[in-house]
Amino acid sequence: MQTLSEPVAEICYGPMKSGKSRYLVQQAEDLSRQALSFLAFKPVQDTRDGSFIRSRDLDCRDVQALGVANSGELFLIVERALAAPVDFLADLPTSISGALGLRNTFRAESPLRACLIDEVFLLDGGLLAVIDKLQAAGVSVYLSGLDRDFRGEYFPLRHFERHGLTMRDLIQRCDRAFPLQAGCEVCTRPADLTQRLISGLPAPYDSPTVMIGDEEYEPRCHEHHIVLGKPSLSAAS
Ligand SMILES: [Zn+2]
């Protein structure tokens, strides 16, 4: 007999290549094994894997996700899923073979129990209030994303100028937080920072927080994390 537990908010965070998406894929597999209804989301800005949450492990299934532009859109989708589950299921995109599809993970006949959200650092500060509302509606939230930007500073959530919220606030809001490390690509020691390289060279401090272009990212330890022109006052943040 399945016991109903309190809805939780969990986050898994760390640098590039630290297994954050694997955490979400494992949550999805667990929920699926328990036959619990859930939905997966990812920000539409993250075009890398299309509409899937994808672990780098070859033995993990892809998890089909709904793309959302912001936290408000995500909440509207969940509201509709709760209010009219049968119609909602009928409108979901077709599942792709080999992936854990939306039509398999959302169950119209049982209550929605969880939302999985990948790359949360690309969403806006409204997400914190959305998490409150989801938990109040009995829906657990499992999040994953980079905690720090290429400067080594906590990622400002979108529209930071309006709400002043960063990934640090989101992590503190969650009931459980799991920090992950990767291996530094220079020395192989534990890395909790992400290096941005533009044409192979460390990016300057004043380049934009989010770029989708020619730049590359790799995990680095503190010793090998280089930000050109970083003000010394921000080094402790
Ligand atoms: Zn290193």
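**Exercise 1. Helix H5**

Which residues of helix H5 (residues 127-136) are buried?

Some ground rules come before the solution. The model is predicted: local features need pLDDT of at least 70, side-chain atom pairs count only at pLDDT 80 or more, and totals for chains, interfaces and linings use all residues. Residues are numbered from 1 along each chain as its sequence is written.

*Solution.* 
- Step 1: Helices (H or I, at least four residues) and strands (E, at least two) are DSSP runs, numbered from the N terminus. A residue is buried if 20 or more other C-beta atoms lie within 10 Å of its own, exposed if 12 or fewer, and partly exposed in between; C-beta atoms are placed from the backbone.
- Step 2: Pick out the buried positions. In H5 they are Leu127, Val130, Ile131 and Leu134.
- Step 3: Look down the axis of H5. The buried residues fall within an arc of 105 degrees, so they line one face of the helix. The arc is that of the directions from the helix axis to the C-beta atoms.
- Step 4: Check the other side of H5. Lys133 and Ala136 are exposed there.
- Step 5: Find the cover. Strand E1 (9-13), helix H2 (71-83) and strand E6 (112-117) are among the elements over the buried residues of H5.

**Exercise 2. The cores**

Find the residues with the most contacts inside the largest nonpolar core.

*Solution.* 
- Step 1: Define the core. It is a set of buried Ala, Val, Leu, Ile, Met, Phe, Trp, Tyr and Cys residues joined through C-beta atoms within 7 Å.
- Step 2: Read off the residues. The largest core has 48 residues, and Leu39, Ala40, Phe41, Val63, Cys115 and Leu116 have the most contacts inside it.
- Step 3: Note the second core. It is separate, has five residues, and includes Ala182, Cys184, Leu193 and Cys221.

**Exercise 3. Positive phi**

Describe the setting of threonine 188.

*Solution.* 
- Step 1: Take the angle. Threonine 188 has a positive phi of about 70 degrees, although it is not a glycine. Most residues other than glycine have a negative phi.
- Step 2: Count neighbours. Threonine 188 is exposed, with 9 other C-beta atoms within 10 Å.

Methods
Two residues are in contact if their C-beta atoms, placed from the backbone, lie within 7 Å.
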